[in-house]
Amino acid sequence: MAREYTGFWRVLNGPQEIGRGPVFWCLFAFLALGLLAYPFFGSVFALSNLANFCLYIPMGLGLALLWGYNGVLSFGQGAFFAIAGYVYGIIAGNLLDIPGGTLLAAVGGIAASAAIAAAFGYLVFYGQVSNWIIPLLLLVLSLILETFMAQTAGYQWRVGSVLLGGYNGMTNVPSLEIGSANFGGASIAFYYLVVALMLITYLGLRLLVNSHYGHVVVGIRDDVERTRMLGYNVALIQIQVFVVAAALAGLSGILYVSWGNYINPSSMGLLAATLPVIWTAVGGRSSLLAVLLSTVTLRWVADTLAVRGGEYAFLVMGILLLVTMLFFPAGIVVTLARRWLHQKSMYRDLKQNGAP
Amino acid sequence: MSLGYVVSLLYQYVDTLAFLLLAALGLMIILGVVNVINLAHGELIMMGAYIATLTYNRAHLPLPVCMVLSSIGVGLFGMLLERFVIRRFYDDKLGALVATWGVSLILSQGTLLVFGPSMQSVPLPAWTFSYGDYSFGGYRLVLFVIAIAAVLIAWWIFYYTRLGVRTRATMQNADMARALGVDTRHIYLLTFGAGSALAGLTGALYAPTTTIVPLMGSQFVDVAFITVVIGGGSNPIVGALTSAALLSLIATPLSSTLGTFSGRIGLLIAALVVIRFLPRGISGYFQDVRYRHMARVAS
């Protein structure tokens, strides 16, 4: 590193992320400004679609933190997404007349996901189980939750005045409201909320992984025993990261419900559980930026393919996942970025030292 | 409580035990020897059911022949899978998990595209017997006998054949085994094929009892994964037997009184509690006890 940064900038530009230096930050600012200016020329339909793609970013970034930076794979992000969505729907539906009810519901939904993650994390991380057990059990949890929610049809399955709705899902969930602003799916307010949360999540996690704490998190990924011997409470840190990832998945879930006013059991099922894993693996789990890009791109690809039938979309996603794991184990975006950085440094060497 | 009720509970226990054993044994043998988790195991079971159903309905072969055929077919497919995918992930369990997950997506969605959402199933062999007020399906008992036979055959191969000696050597210390002339890659290939063949057999055996749909694998894998987690991979056969016996003991009363869903929840909670205290599963615990005993004898 030729440049010396201090304090905040040093942490923001730390080594745990690709994309450092002025060129990257100019591009980043350009992209952010573009997103902020988009409502002035994009149609309402395009805005609503883009908001739908971007609202999954917190869930994707949470899994990148958990799997890419802490070495814990999870097939349960879909479950945490849907738990928050359902709890939000239940609370918001019961507090329709109270101002700020939906905000309370959002907090409740995220808290529910975080609490379940904490309980689950306590059992597996303090047990010091092998790393393959956690994804398996989370997969089982997702399957069980989906089976449970699918059979909650009928009038006897209700909480307060809200019907759970069984396989057809919970309908007419109110959108988020803060003060007089309504964050419905087709509103510009919702678009700005999603863009703001996406930028905050990205920059916040970038600060987190480059802080001292973040280096311990990465240390656990690289060598659990060594980190434990250095005196860190590995299980506690793993639980904290797991809870953060679950809360971020919950945030996405709440945004999703606020966008579509609807959630159904398939959002916590087997196929939903795979999507965050695919985004993270294909983009490159060791970089938040790569996961951010691949989340939006793959959401767009899946949405385009789903017009022809959901099975095509999932078939293509499966092939993409297998090809990535076989030929780009570090992820496609990360591999390309590394190759580009490598070539750039070779070119610089060449210029400084002359032809070999 | 009448004697008939006890017999009915026993029947349910045996039925659950057979289901858990058949669903998990192949997965567990692969975990124990090759040291990877095959997330496409459910889809291999689904493939077995499809092959059996297709050969029965289209080619009109007798049912046992169809079952043998699907076992062989899925076994061969498993060997291809090992050769082209699993081989790259021997030392990367999470990588293997994710890659086989991609395989499972391709298989289930591909089946959905090719064969449609459902398929005419195989008729259930109509053997029944009754005891007291209860009547039972004889086919379930056949399944139990086959499950026990599968465990016994695996036991015999592991402990009474040269192949078994090589396999156990590979499990214990692959580098050492290789140095002594064991072709460990060959062992891995054969083991993966055998585990897949067991999955195919399971699918074929349960084809008459369920509806044949592309996502049917998921009803096998949730219990199979719990069985594997509780059993541990240190000794697949002991692990599968003890863990399936324990889990059916938990699931049978729960699902007969409170429904299937409570049974599954009970299994998940049991798994979480067991790994809190025995992180390497029951067979891992047995192995620790044995090593400790050996150390004490040696000193």
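Author: A salt bridge is counted here when a side-chain nitrogen of Lys or Arg lies within 4 Å of a carboxyl oxygen of Asp or Glu. The model is predicted, and local features need pLDDT of at least 70, side-chain atom pairs count only at pLDDT 80 or more, while totals for chains, interfaces and linings use all residues. Residues are numbered from 1 along each chain as its sequence is written, chains are lettered from A and ligands numbered from 1 in the order in which they are written, and side-chain values use heavy atoms, with hydrogens and water left out.

Reader: What makes the pair Asp222(A) and Arg221(A) a salt bridge?

Author: The closest N and O atoms of Asp222(A) and Arg221(A) are 3.1 Å apart, and because the limit is 4 Å, the pair qualifies. Over all chains, the structure holds nine salt bridges. Side chains of opposite charge can pair when their charged atoms come close.

Reader: Why is Asp222(A) called exposed, and what is Arg221(A) called?

Author: The relative accessible area (1.4 Å probe, protein chains only) is called buried under 20%, exposed over 50% and partly exposed in between. Asp222(A) has a value of 54% and is therefore exposed, whereas Arg221(A), at 32%, counts as partly exposed.

Reader: How do you know that Arg140(B) and Asp15(B) form a salt bridge, and which parts of the chain does the pair link?

Author: The closest N and O atoms of Arg140(B) and Asp15(B) are 3.3 Å apart, which again is within the 4 Å limit. The pair links distant parts of chain B, with Arg140(B) in helix α5 (residues 138-160) and Asp15(B) in helix α1 (residues 3-34), 125 residues apart. The helices named here are DSSP runs (H or I, at least four residues), and strands are runs of E of at least two, both numbered from the N terminus. Asp15(B) is buried because its relative accessible area is 17%, while Arg140(B), at 26%, counts as partly exposed.

Reader: Why are α5(B) and α8(B) called roughly antiparallel?

Author: The axes of α5(B) and helix α8 (residues 184-206) of chain B come within 11 Å and cross at roughly 170 degrees. Such axes are lines fitted to C-alpha atoms, for helices over the stretch in contact, and the angles run from 0 to 180 degrees between N-to-C directions. Angles under 35 degrees count as roughly parallel, over 145 as roughly antiparallel, 65 to 115 as roughly perpendicular and the rest as oblique, and α5(B) and α8(B) are therefore roughly antiparallel.

Reader: Which residues of the two helices meet?

Author: Tyr139(B), Arg140(B), Leu143(B), Ile146(B) and Ala150(B) in α5(B) meet Leu198(B), Leu201(B), Leu205(B) and Tyr206(B) in α8(B), contact meaning heavy atoms within 4.5 Å.

Reader: How do you know that Thr280(A) is buried, and what is around it?

Author: Thr280(A), in helix α12 (residues 270-283) of chain A, has a relative accessible area of 0% and therefore counts as buried. Leaving aside neighbours within four places in sequence, Thr280(A) is in contact with Gly60(A), Leu63(A), Ala64(A), Trp67(A), Arg285(A) and Val291(A).

Reader: Is Glu82(B) buried or exposed, and what does it touch?

Author: Glu82(B), found in helix α3 (residues 63-84) of chain B, is buried because its relative accessibility is 0%. Not counting residues up to four places away in sequence, Glu82(B) touches Arg87(B), Tyr90(B), Tyr188(B), Leu189(B) and Phe192(B).

Reader: How many residues of chain A are in contact with chain B, and how many salt bridges cross the interface?

Author: In chain A, 40 residues are in contact with 38 residues of chain B. The area buried between the chains is about 3,800 Å², with 85% given by carbon and sulfur atoms, buried area being the accessible area (1.4 Å probe) that two parts lose on being put together, summed over both. Across this interface the rule finds zero salt bridges.
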